[in-house]
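Here is a short briefing on one chain. Points are grouped by topic.

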Amino acid sequence: MKKNKKNKIYKFMFMVLFLSFLVVYCAELTGYYEYQNHKHAVLTEEQIKQFEKDVANGKEVDINEYLVKDERVYNNNLSKISSKLSNGISKIVQKGVESTFKFLSNLVEGE
């Protein structure tokens, strides 16, 4: 019974990963990322032209007026939890690697 339950969990995880892969793959095929980069480049070119035009006209310019500001905030509970989990795992792995090298160092030195 336990093995059957584990198989269902593995199948579910595999399907989620596979569907995630398909979504990213389709986004790549349709050129979504290239379009976003192109759109950003066009905005940047327009801002450069506007900056040059303002300088040529003798206007007082502030570089902050020409920068593209992305006001999106990606802080949410999931990102906070995953960040804490990542930091915790990093500390554990770091301690493990340090103790392994300390052990190997002691073996080499003959203590």
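**Briefing**

Just after helix α3, Gly110 adopts a positive phi of about 85 degrees. The model is predicted. Its chain holds 3 helices and 0 strands, in the order α-α-α along the sequence.

**Confidence**
- Mean pLDDT for the chain is 81.
- A value of 70 or more is reached by 88% of the residues.
- Among the elements, helix α2 (residues 32-56) has the lowest mean pLDDT, at 77.
- Helix α3 (residues 77-109) has the highest, at 88.
- Where pLDDT is low, predicted coordinates should not be read in detail.

**Helix α3 and its ends**
- Asn76 caps the N-terminal end of α3.
- The cap places a side-chain oxygen of Asn76 3.1 Å from the backbone nitrogen of Leu78.
- The 33 residues of α3 should span 48 Å at 1.5 Å a residue.

**Helix α1 and its end**
- Helix α1 covers residues 2-30.
- At 1.5 Å a residue, its 29 residues should span 42 Å.
- The end C-alpha atoms of α1 lie 42 Å apart, so expectation and model agree here too.
- Gly31 follows α1 and has a positive phi, near 80 degrees.

**Surface and burial**
- Of the 111 residues in the chain, 4% are buried.
- The chain exposes about 10,800 Å².
- A nonpolar surface patch is formed by Phe14, Met15, Phe18, Leu19, Phe21, Leu22, Tyr25 and Leu29.
- Together, the patch residues have about 820 Å² of accessible area.
- Phe18, one of the patch residues, sits in helix α1.
- Phe18 counts as partly exposed because its relative accessibility is 38%, between the cut-offs of 20% and 50%.
- An α-helix has 3.6 residues a turn, so residues three or four places apart point the same way.

**Salt bridge**
- How many salt bridges does a search of the whole structure find? The search finds 1.
- The salt bridge joins the side chains of Asp54 and Lys59, at 3.8 Å from N to O.
- Side chains of opposite charge can pair when their charged atoms come close.
- Is Asp54 buried or exposed? Asp54 counts as buried, because its relative accessibility is 8%, under the 20% cut-off.
- Lys59 has 52% relative accessibility, so Lys59 counts as exposed; the cut-off for that is over 50%.

Key:
Residues are numbered from 1 along each chain as its sequence is written. Side-chain values use heavy atoms; hydrogens and water are left out. Helices (H or I, at least four residues) and strands (E, at least two) are DSSP runs, numbered from the N terminus. Buried means under 20% relative accessible area, exposed over 50%, partly exposed in between (1.4 Å probe, protein chains only). Accessible areas come from the Shrake-Rupley method with a 1.4 Å probe; for residues, only the protein chains shown count as cover. Patches are made of residues with over 30% relative accessible area and no salt bridge: like charges are joined within 9 Å, nonpolar side chains (Val, Leu, Ile, Met, Phe, Trp, Tyr) within 5 Å. A salt bridge is a side-chain nitrogen of Lys or Arg within 4 Å of a carboxyl oxygen of Asp or Glu. pLDDT is the predictor's confidence in each residue, from 0 to 100. The expected span of a helix is 1.5 Å times one less than its number of residues. A polar contact is a pair of N or O atoms within 3.5 Å; within protein, one must be able to donate a hydrogen and the other to accept it, and residues adjacent in sequence count only if both atoms are side-chain atoms.
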